[in-house]
Amino acid sequence: MKFGGVCITTDDAPRLVEFYKIIFQEEPNVEGSHYGFGNLAIWNPGDVKVVEDKNIWLQFFDADIDSLYERLLREIPYIEIISSPERKPWGAYSFWFLDPDGNKIAVAQKREEK
């Protein structure tokens, strides 16, 4: 078995797509009501009730956490930051934020391979 990706179901796909367009700095692939950013899909199947309790974190990597953090603050003034860039106790340099539906997103600085 091989992991294929994540699909976020939402009651407002266009709103969520606009948010992720800013995050990824790219246009999604669109097939009907499905929007895709690589291995991340966004879809409104028509009967979704977005729940308050979220039990998943999306994890991404970036080479320059500080620059990305500053860009997101400039381009998404309503972004809800959970944790600004800092070295976590387990060694990762990362920051955490929420998407408009409340899904948690962690971005860690990719370590150089030795």
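User: Which pattern does the protein follow when it is read along the sequence?
Analyst: This is a predicted model, in which local features need pLDDT of at least 70, side-chain atom pairs count only at pLDDT 80 or more, and totals for chains, interfaces and linings use all residues. Residues are numbered from 1 along each chain as its sequence is written, and side-chain values use heavy atoms, with hydrogens and water left out. Helices (H or I, at least four residues) and strands (E, at least two) are DSSP runs numbered from the N terminus, and the protein has two helices and eight strands. Read along the sequence, they give the pattern β-α-β-β-β-β-α-β-β-β.

User: What share of the 114 residues of the protein counts as buried?
Analyst: A residue is called buried when its relative accessible area is under 20% (1.4 Å probe, protein chains only). By that cut-off, the buried share of the 114 residues is 37%.

User: Among contacts between residues at least 6 apart in sequence, what percentage joins residues at least 24 apart?
Analyst: A contact here means heavy atoms within 4.5 Å. Among the contacts between residues at least 6 apart in sequence, the part that joins residues at least 24 apart is 54%.

User: What are the dimensions of the box that the C-alpha atoms fill?
Analyst: The box is taken along the principal axes of the protein. Its dimensions, given roughly, are 45 × 35 × 30 Å.

How values were computed. Buried < 20%, exposed > 50% of the residue type's maximum accessible area, 1.4 Å probe, protein only.
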